[in-house]
Amino acid sequence: MRAWSKTRVSNVAGEISLAAGLVLWVATFPSIRRRMFEVFFYAHHLYVAFVVFFVLHVRISGHFALLLPAFFLFAIDRYLRFLQSRSRVRVVSARVLPCDTVELTFSKTENLNYTPTSILFLNVPSISKLQWHPFTITSSSNHDPKELTVVVKKEGVWTSKLYELLSSPPSVDRLSVALEGPYGPASTNFLRHDILIMISGGSGITPFISIIRELMHSSHTLKQNIPKILLIASFKNSADLAMLDLILPISSTSMEFLELRVEAYVTRENQPQPQKKTIRTIWFKPSPDDSPMVSILGQNGWLLLGFIISSSFILYLLLVGFLTRYKIYPIDHNTGKIYPAYSRALLHMLFICISIVIVSTAAFLWAKRRNAKEATQVQHTGSSSPDIELESLPQQSLSQSINFHYGERADLKKILFEYKESNAGVLVCGPRKMRYEVAKICSSGSAENLHFESISFTW
C-alpha cells in the first residue's frame, strides 16, 4: 500500500494528491474564505501538488489524456498572467473617501479594452509581495481610454494597511503596484433595455459605476436611445454616501444625454450627520520604473493566443516523440525492462512546461516590443494635475439627480412594480438577502417586464 511502484499505479502519489485536494476544498468554505483570506489564498497554491501527484498516480494513460487539454490551457493562462504581473504599473492618483474607501487610478494604454463589471488583481509589494486581491473595475475603457480605476474598501487586514498607507499623513508621493487582468464577461448588452434598475448595498455599487460610465460614453457617441437609469443605493451611515461621488471620474464629464436618478437610503441614521472628513485626492509622482498597464498580448491578442496554444502543443508533441523514440523505446523493446511510469509522467509534465515557457515568452516579448511605442507615448502624456480646477457643473448635475432617504429601507417591491416599461433590466449587487429578495420579486410573475441579473463578488 505504501510502496511507490515504478511500473504500476502508485497509491502513495494518489493519497498525496487526495490530501492536497481536501485542503483546497476545506479552504473554500465561506467562513474561511471571507474571514481568513490569507489562508484561502496560500492554501490554493497546493493545486501544484494536486496536479503533479495526480499525474504520477494515473501515469500516462487515458486519465492523463482527459486532463491534458485543461492542464495545458491552464498552464498557458497562468504563465501569461505571471509575465504580466512582473511589470510595475504607474499609479496616477488616489481619492481617499471619508467612508474608509480609496479609489486608485492607474495609467493604461488605449488598446487595453475591457467590459463593465470586470475585475483585476492588485498587488502592493510594500504591504505583501505574495498577496493578490481582486477588485471591481469602476472605469470604462471607452469613456476613460488612458486610465483605469478600482475602489478598495477597508475591510480586511490587507485593505486596512493600504488605506492607512494612503490616508495617514504625510501623504506618500509614490506607490509601487502590480496588476493582473482584467477579467470579465466577453460582452454586455445593457442597451437592449428600456430602463436599467440597479440595486446595490454598500460597496456593491462599484460594478454599477462602470456601467454608468460606459452608458455615459454611449450617450455621447451613439445615436440610438440610451436606457434610463435608476440607481437604488443602500448605505449604513452618511459617511458612505461619499461612494456616490465616484460615479463621475476625476476628469468630470457631461451627463447631458444621460437620464439618471439616484435614490440613496441611509438605514442607520434618521438625519444627515456632519462630516469631519472630506474627499482628498493624492497625485503620485511618475517613476521611470513604472509603465502604463498593457494588454498581455496586445491588440488582437486572440490571434497570438491561438499561435501560442497550437505552437506550444506541437513543440510538446515533438519532445514527447524524441523521448519515446530515443529513450523509452530502446528500453521497452531491446532490454526487456519497462521504463518507470513515474519518470515518464514527470518528463511529460516537464515537456509541457518547457514548451509553454519557450513559446509564450517569445510571443509576450514580441507583443511587448510592439506595444512599447504606445506605452511610451502614454507615459509621457501629461496627466491631470492638482493645480487644475475640476469642472463643477457635472457634479452639480449629479447632486441634483440624487434623492436622500434617512432611517428607512427601500420598498423594492413597490419601486419595481411602478415601472411599466416593456423591458426593464434589474441588476443587483449586495448582500445575499438583498439578491434573493429582488430575485423573488422578479420571478413572482406579477411583472413580466422585469429581467433579473445578479452580480456577486463574494470571494
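This is a predicted model: local features need pLDDT of at least 70, side-chain atom pairs count only at pLDDT 80 or more; totals for chains, interfaces and linings use all residues.
Q: Let's start with the open sheet. What is the strand order?
A: The order is β5-β2-β1-β10. The four strands pair in antiparallel fashion.

Q: What holds strands of a sheet together, in general?
A: Strands pair through backbone hydrogen bonds, and the pairing is either parallel or antiparallel.

Q: Back to this sheet, then. Which strands stand at the edges?
A: β5 (147-153) and β10 (280-283) do. Each has a single partner strand, so one side of each is left without a neighbour in the sheet.

Q: How much are neighbouring strands turned against each other?
A: By 20° on average, with direction ignored.

Q: How many bridges join β1 to β2?
A: Six. β1 covers residues 91-97 and β2 covers residues 101-107. The two run antiparallel.

Q: Which residue in β2 stands opposite Val96?
A: Val102.

Q: New topic: salt bridges. How many are there in the whole structure?
A: A search finds 10. In general, side chains of opposite charge can pair when their charged atoms come close.

Q: Which residue does Glu103 pair with?
A: Arg95 is one partner, with the closest N and O atoms 2.7 Å apart. Arg213 also meets Glu103 in a salt bridge, at 3.4 Å from N to O.

Q: Where do Arg213 and Glu103 lie?
A: Arg213 lies in helix α7 and Glu103 in strand β2, so the pair ties together parts that are 110 residues apart in sequence.

Q: Are these residues buried or exposed?
A: Arg213 is buried, with a relative accessible area of 0%. Glu103 is buried at 1%. Arg95 is buried too, at 7%.

Q: What about Lys153, what does it pair with?
A: Lys153 forms a salt bridge with Asp240, and the closest N and O atoms are 3.6 Å apart. This pair links distant parts of the chain, 87 residues apart. Lys153 is in strand β5, while Asp240 is in the loop between β8 (228-235) and β9 (260-266).

Q: Is Lys153 buried or partly exposed?
A: Lys153 counts as partly exposed because its relative accessibility is 23%. Asp240 counts as buried, at 13%.

Q: Which residues do shared partners join into one network?
A: Arg95, Glu103, Asp144 and Arg213.

Q: Arg213 again. How far is it from Ser139?
A: They are 74 residues apart in sequence. In space, they are 6.6 Å apart, C-alpha to C-alpha.

Q: And how long is its helix, α7?
A: α7 (residues 206-221) has 16 residues. It reaches 24 Å from first C-alpha to last, close to the expected 22 Å.

Q: How many residues of α7 are buried?
A: 13 of the 16, so α7 is largely enclosed by the rest of the structure.

Q: Switching to α4. How far does that helix reach?
A: α4 (residues 47-58) reaches 16 Å with 12 residues, close to the 16 Å expected. Val51, Val55, Leu56 and Val58 are buried in α4.

Q: What follows α4?
A: Arg59, with a positive phi near 65°.

Q: Last one, the surface. Which residues make the nonpolar patch?
A: Leu18, Leu22, Trp25, Val26 and Phe29 make a patch of about 480 Å². Leu18 lies in helix α1 (residues 11-27). Its relative accessibility is 53%, so Leu18 counts as exposed.

Methods: Residues are numbered from 1 along each chain as its sequence is written. Side-chain values use heavy atoms; hydrogens and water are left out. Two strands pair if DSSP finds at least two bridges between them. Axes are lines fitted to C-alpha atoms, for helices over the stretch in contact, and angles run from 0 to 180 degrees between N-to-C directions. Patches are made of residues with over 30% relative accessible area and no salt bridge: like charges are joined within 9 Å, nonpolar side chains (Val, Leu, Ile, Met, Phe, Trp, Tyr) within 5 Å. Accessible areas come from the Shrake-Rupley method with a 1.4 Å probe; for residues, only the protein chains shown count as cover. A salt bridge is a side-chain nitrogen of Lys or Arg within 4 Å of a carboxyl oxygen of Asp or Glu. Buried means under 20% relative accessible area, exposed over 50%, partly exposed in between (1.4 Å probe, protein chains only). The expected span of a helix is 1.5 Å times one less than its number of residues.
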